[in-house]
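These are my notes from an afternoon of looking things up in one model. Have it open beside you and follow along.

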Amino acid sequence: RTNVMFLKTHKTASSTILNIMFRFVERYNLTVALPAGQLVHLGYPKTFLADFVEEFQAIGQNYNIMCNHLRFNALEVQKVMAANTFYFSILRNPIHQLESSYVYYKDSVPAFRISKDVNKYLASPMKYYRPADYKQNIYARNIMWFDFGYNNNAKDNKKYIQAVLKKIERNFHLILIADYFDESMILLKHTLCWDLDDVIYFKLNSRSQDTVQTLTPESKERIKVWCSLDWKLYLHFNQSFWRRIEETIGLKELEKEVNHLRMRQKELMETCLLDQEAVGKEHIKNKALLPFQSGAANILGYNLRQDLDNRTLRTCQKMIMPELQYMSYLYAVQHP
């Protein structure tokens, strides 16, 4: 399948998937719907419009891939993507997701900025989360619900939630789970009839352990209530994810393929990487490959080995290329 729309959600390992999609675009010489005017997002946090795509008026429905951040709007996305497009997205357990958002958006989200740490924030979120700042505060509550195009401050009402879940199921063919990333990649590979090398990855946009804040057991429970829309979204699609695996691949075969993926990944790390692992921003030798740094997070990157032949170097470079650099590169290729 080469016509694919990926809804990139926030703090859900989605930058790693973006890199997979960009490499797929290059490998099969496809066209990607990039943000107009060399912006980073497709209009985010505004609700998506077709005109947010570079050269949409000229190219029309001839894009193969769409994968940059946007706030989902089915009718407008359908104007850009072909009728046979495959739609997928990814969710993450809101407990880990909110802590990650907190550290990453610490400086830009008013509710985070004025609270001392994540546990203080969760002890009484309404003390910090002011409805008047709702536009800047989207990352502070039910961000995944918002990314799918819904009101992240909506009342938790059973009938409303059921209606939204049904709508998401109608709009998306597959929802992956970041907490089971390798299993997700195997399911994606099967569903799209891709190769193993199409879904192989190095983890991108992850942060150093020392910037992870430890949540108290009380905070973890409070997230389920404070972000109850995201919590219910996650529980629902975590179930359908495993059901899908059992129906299509089976757990035994899954385990075998996940091991295969990890072996291939290890092999590529040995080939490509100087340190065999991600390193902190201060240890990245080639500043052109430094990932964007945000908030209180130390976003990790990679160093390549010096002795690579040209072809291997190209492959390795693309695997470690941060989002913004890769976008600029594709932009120059596609819209010279």
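Is Glu55 buried, partly exposed or exposed? I found Glu55 to be partly exposed, with a relative accessible area of 37%. For these words I used a 1.4 Å probe on protein chains only: buried is under 20% relative accessible area, exposed is over 50%, and partly exposed is in between.

**Ground rules**

I am working with a predicted model, where local features need pLDDT of at least 70 and side-chain atom pairs count only at pLDDT 80 or more, while totals for chains, interfaces and linings use all residues. Residues are numbered from 1 along each chain as its sequence is written, and side-chain values use heavy atoms, with hydrogens and water left out.

Glu55 is in the loop between H1 and H2. My helices (H or I, at least four residues) and strands (E, at least two) are DSSP runs, numbered from the N terminus.

Ala13 also went into the notebook, with a positive phi near 70°. I located Ala13 in the loop between S1 and H1, and at 31% relative accessibility it counts as partly exposed.

Then I checked the peptide bond from Tyr44 to Pro45, which is cis, with omega near 0°. Pro45 is in the loop between helix H1 (14-27) and helix H2 (56-59). I noted these entries because most residues other than glycine have a negative phi, and most peptide bonds are trans.

**The sheet**

In what order do the four strands of the open sheet come? I read S2-S1-S3-S4, with parallel pairing; two strands pair if DSSP finds at least two bridges between them. The edges are strand S2 (65-66) and strand S4 (174-177), each pairing on one side only.

I followed strand S1 (residues 4-7) to both of its partners. S1 pairs with strand S3 (residues 86-91) over four bridges, in the parallel sense, and Leu7 has Ser89 as its bridge partner in S3. With S2, S1 makes two bridges, again parallel, and there Met5 stands opposite Met66.

Both faces of S1 are covered: Val4 and Phe6 on one side, Met5 and Leu7 on the other, all of them buried. I also saw helix H10 (residues 181-192) lying across S1, S3 and S4, at about 155° to S4. That angle is taken between N-to-C directions, from 0 to 180 degrees, using axes fitted to C-alpha atoms, for helices over the stretch in contact.

**The core**

Which residues have the most contacts inside the largest nonpolar core? I wrote down Met66, Val80, Phe88, Tyr121 and Leu176, in a core of 118 residues. Such a core is a set of buried Ala, Val, Leu, Ile, Met, Phe, Trp, Tyr and Cys residues joined through side-chain atoms within 4.5 Å.

I picked Phe88 and listed its contacts (heavy atoms within 4.5 Å). Leaving aside neighbours within four places in sequence, they include Val4, Phe6, Ile17, Phe172 and Leu188.

Next came helix H4 (residues 94-104), where 10 of the 11 residues are buried. Among the buried ones are Gln97, Glu99 and Tyr102. The cover over the buried residues of H4 includes helix H5 (110-113), helix H6 (118-123) and helix H13 (228-248).

**Rings**

How many aromatic pairs does a search of the whole structure find? I got 27, pairing rings of Phe, Tyr and Trp (its six-membered ring) with centres within 6.5 Å; planes under 30 degrees apart are stacked, over 60 edge-to-face, and the rest tilted.

Phe202 and Tyr302 form a tilted pair, 5.8 Å centre to centre with 45° between the planes. This pair links parts of the chain 100 residues apart. I found Phe202 buried, at 1% relative accessible area, and Tyr302 buried too, at 5%.

From Thr16, in helix H1, I reached Phe202 again: Thr16 touches Phe181, Tyr201 and Phe202, among others. Thr16 is buried, at 3% relative accessibility.

Tyr102, Phe112, Tyr121, Tyr128, Tyr129 and Trp226 form one aromatic cluster. Arg141 lies over the face of Trp226, 3.9 Å from the ring centre. The charged end of Lys11 sits over the ring of Tyr104, 3.4 Å from its centre. My test was NZ of Lys or CZ of Arg within 6 Å of the ring centre and within 35 degrees of the ring normal.
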